[in-house]
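Biologist: I have the file open now and would like to go through it with you. Could you talk me through the fold, piece by piece?

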Amino acid sequence: MTGHEFLRRLTKLAKAQGVQVVYDPRHGKGSHGRVLYGSDSTALKDPKKELGPGLLSKMCRNLGIKANDL
């Protein structure tokens, strides 16, 4: 899954749960950005690149969701 696909799936999940999602590409070094999911946040590496399974699970843990929900 790429970073863009992660954001699309997260936005769809957020709509279903009534939670706000914000992606701020300026809040990070280089190509990294910040994803806010309600009151939780995580860093998102270059949205064009592939997210590995370990990174994906850690990002989901930071946001308080399960990777299977995406």
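Biologist: Which residues of α2 are buried?
Modeller: This is a predicted model, and in it the buried residues of α2 are L56, M59, C60 and L63. Seen down the axis of α2, these buried residues fall within an arc of 100°, so they line one face of the helix.

Biologist: And what covers those buried residues?
Modeller: The cover over the buried residues of α2 includes α1, which spans 3-17, together with β2 (33-37) and β3. As for its placement, α2 lies across β2 and β3 and runs at about 155° to β3.

Biologist: What happens to the backbone just after α2?
Modeller: Just after α2 comes G64, which takes a positive phi of about 75°. The segment after α2 (53-63) also holds D69, and the C-alpha atoms of D69 and L13 are separated by 7.5 Å although the two residues are 56 apart along the chain.

Biologist: Is D69 buried, exposed or partly exposed?
Modeller: D69 has a relative accessible area of 41%, so it counts as partly exposed.

Biologist: Let's switch to the sheet. What is the strand order?
Modeller: The order is β1-β2-β3 in an open sheet of three strands, with antiparallel pairing. The edges are formed by β1 (21-24) and β3, each of which pairs on one side only. Neighbouring strands of this sheet are turned by 20° against each other on average, direction ignored.

Biologist: How many bridges are there in each pairing?
Modeller: Four bridges join β1 and β2 in the antiparallel sense, and D24 has R34 in β2 as its bridge partner. Between β2 and β3, which also run antiparallel, there are five bridges, and here Y37 stands opposite D40 in β3.

Biologist: What does the hairpin of β2 and β3 look like?
Modeller: That hairpin has two residues between the strands, and G38 takes a positive phi near 65° there.

Biologist: Where does T42 sit, and what does it touch?
Modeller: T42 belongs to strand β3, residues 40-44, and with a relative accessible area of 3% it is buried. Leaving aside residues up to four places away in sequence, T42 touches G33, R34, V35, M59, N62 and L63. With N62 the side chain of T42 also makes a polar contact, at 3.1 Å.

Biologist: Last topic: how many salt bridges does the count come to?
Modeller: The count comes to two salt bridges. In one of them E5 pairs with R9, the closest N and O atoms being 2.7 Å apart; because E5 and R9 are four residues apart in helix α1, about one helical turn separates them. E5 is partly exposed at 23% relative accessibility, and R9 is likewise partly exposed, at 33%.

Biologist: And which side chains meet at 3.5 Å, N to O?
Modeller: Those are the side chains of D24 and R26, which meet in a salt bridge. D24 is partly exposed, with a relative accessible area of 24%, whereas R26 counts as exposed at 74% relative accessibility. D24 is also the residue whose bridge partner in β2 is R34.

Methods. Residues numbered from 1 in each chain as written. Predicted model: local features only at pLDDT ≥ 70, side-chain atom pairs only at ≥ 80, totals over all residues. Heavy atoms only, no water. Buried < 20%, exposed > 50% of the residue type's maximum accessible area, 1.4 Å probe, protein only. Polar contact = N/O pair within 3.5 Å; in protein donor to acceptor, adjacent residues only side chain to side chain. Contact = heavy atoms within 4.5 Å. Arc of directions from axis to C-beta. Pairing = 2+ DSSP bridges. Salt bridge = Lys/Arg side-chain N within 4 Å of Asp/Glu carboxyl O. Axes fitted to C-alpha atoms, helices over the stretch in contact; angles between N-to-C directions.
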